[in-house]
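This report examines a disulfide and a helix-helix contact. Please consult the sequence and the structure shown here.

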Amino acid sequence: MRKVWGILIVGLLWCNVSAAQSMVPLKKYVIDNSQYVEDPITLTYVLKRCGAAYLYAATITKDKDQKISEQFTKAYGKVTMFAGQVLMEGMNWSEEVASKSLFTDIENMLNYYEKDGNDSFARTGNYMMDNYIAEDIIICNGVLESMK
């Protein structure tokens, strides 16, 4: 009986660790979809993820460093506007449909960042370091630079 309980506990712990991330790291997504720039759906997914990552970063830094928070907010605006343009031009969507898609998807992604950031903070005392969120910001900075 002890062996069964031991296996059950180890199994539950293993499952909990494997489910610690809500989203695939953006770096992996970009590598797995290396032609993402050519496809409006995958491109807008990356841009929406970046928008959510920047919005999350702006939220958690606003009390500590207003200037950095504003930079994240500006970056959020740039990638979100570009994602909207891609949806309207590449998918032939109306402004209303594109806006609704952006709002819904970014809100959902932001919820995942908040959950994972809070989990990270509970474990490490830091929201974004040593997890996929910090790596996503780095990828997004590269995406933002390529838009210039």
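The sections below cover the basis of the model, the disulfide and the helix contact.

## Basis of the model

The model is predicted: local features need pLDDT of at least 70 and side-chain atom pairs count only at pLDDT 80 or more, whereas totals for chains, interfaces and linings use all residues. Residues are numbered from 1 along each chain as its sequence is written, and side-chain values use heavy atoms, with hydrogens and water left out.

## Disulfide

A search of the whole structure finds 1 disulfide, the term denoting a pair of cysteine sulfur atoms within 2.5 Å. Cysteine 50 is joined to cysteine 140, with an S to S distance of 2.3 Å. This pair links distant parts of the chain, 90 residues apart: cysteine 50 lies in helix H3 (residues 40–61) and cysteine 140 in helix H6 (residues 132–146). Helices are DSSP runs (H or I, at least four residues), numbered from the N terminus.

Because the torsion about the S-S bond of cysteine 50 and cysteine 140 is about -95°, the disulfide is left-handed. Cysteine 50 and cysteine 140 are both buried, meaning under 20% relative accessible area (1.4 Å probe, protein chains only).

## Contact of H3 with H5

The axes of H3 and helix H5 (residues 95–124) cross at roughly 50° and come within 8 Å; axes are lines fitted to C-alpha atoms over the stretch in contact, and angles run from 0 to 180 degrees between N-to-C directions. Contact means heavy atoms within 4.5 Å. Residues making the contact include Tyr45, Arg49 and Tyr56 of H3, and Asp105, Met109 and Tyr113 of H5.

Key: Helices (H or I, at least four residues) and strands (E, at least two) are DSSP runs, numbered from the N terminus. Buried means under 20% relative accessible area, exposed over 50%, partly exposed in between (1.4 Å probe, protein chains only).
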